[in-house]
Amino acid sequence: MTQTIEHLNLETLNAFIDDELPTSEQEGVQQHLAGCHQCTLRVLSATQLKAATARAGHRFAPPADALARLTAQLHREPRKTARIYSIRP
């Protein structure tokens with residue numbers, strides 16, 4: 001007879017990674033991860049992705065004056081409306 005393993009949901013995994021779980025839930029997740037290779041890999045992957053995203057955000061942040069110029073330019077330009085084209089057979 002096979003035993004079904006209930007994996008942690010994405011919301012719980014993200015809250016665990018972001019240290020947003022209450023202590024009692026965090027301990028339960030840690031116990032689950034100790035015995036669940038699949039969830040452990042998901043946590044490691046998500047942690048690496050979040051760290052890489054944070055590093056990229058800091059590395060590619062535009063200078064404040066450039067951002068201000070772009071924002072001003074966007075506010076000066078009229079909004080373009082999307083056109084919907086129909087394709088006739």
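This is a predicted model: local features need pLDDT of at least 70, side-chain atom pairs count only at pLDDT 80 or more; totals for chains, interfaces and linings use all residues.
Residues are numbered from 1 along each chain as its sequence is written, and side-chain values use heavy atoms, with hydrogens and water left out.

Next, switch to a cartoon view. The chain has 4 helices and 0 strands, in the order α-α-α-α along the sequence. Helices (H or I, at least four residues) and strands (E, at least two) are DSSP runs, numbered from the N terminus. Of the 89 residues in the chain, 16% are buried. Buried means under 20% relative accessible area, exposed means over 50%, and partly exposed lies in between (1.4 Å probe, protein chains only). Contact means heavy atoms within 4.5 Å. Among contacts between residues at least 6 apart in sequence, 62% join residues at least 24 apart.

Select Asp 19, in the loop between helix H1 (10-17) and H2. Most residues other than glycine have a negative phi. Asp 19 is exposed, with a relative accessible area of 53%.

**H2 against H3**

Select helix H2 (residues 23-35) and helix H3 (residues 37-59), whose axes come within 6 Å and cross at roughly 115°. Axes are lines fitted to C-alpha atoms, for helices over the stretch in contact, and angles run from 0 to 180 degrees between N-to-C directions. H2 and H3 are therefore roughly perpendicular to each other. Angles under 35 degrees count as roughly parallel, over 145 as roughly antiparallel, 65 to 115 as roughly perpendicular and the rest as oblique. H2 passes H3 in a left-handed crossing. A crossing is left-handed if the near helix is turned anticlockwise from the far one by less than a right angle, and right-handed if clockwise.

Show side chains at this contact: H2 brings His 32, Leu 33 and Gly 35, and H3 brings His 37, Cys 39, Thr 40 and Val 43. These residues of H2 and H3 divide into 3 nonpolar, 4 polar and no charged. Ala, Val, Leu, Ile, Met, Phe, Trp, Tyr, Cys and Pro count as nonpolar, Asp, Glu, Lys and Arg as charged, and the others, Gly among them, as polar.

Now pick His 32, in helix H2. Is His 32 buried or exposed? His 32 is buried, at 18% relative accessible area. Leaving aside neighbours within four places in sequence, His 32 is in contact with Ile 5, Glu 6, His 7, Leu 8 and Cys 39.

Move to Thr 40, in helix H3. Thr 40 counts as partly exposed, at 25% relative accessibility. From C-alpha to C-alpha, Thr 40 and Val 29 are 9.9 Å apart in space and 11 residues apart in sequence.

**H1 against H3**

Last, select H1 with H3: their axes come within 10 Å and cross at roughly 55°. That makes H1 oblique to H3. The crossing of H1 and H3 is right-handed. On the H1 side, the contact is made by Leu 10, Leu 13, Asn 14, Phe 16 and Ile 17. On the H3 side stand Cys 39, Arg 42, Val 43, Ala 46, Thr 47 and Lys 50. The residues of this contact between H1 and H3 divide into 7 nonpolar, 2 polar and 2 charged.
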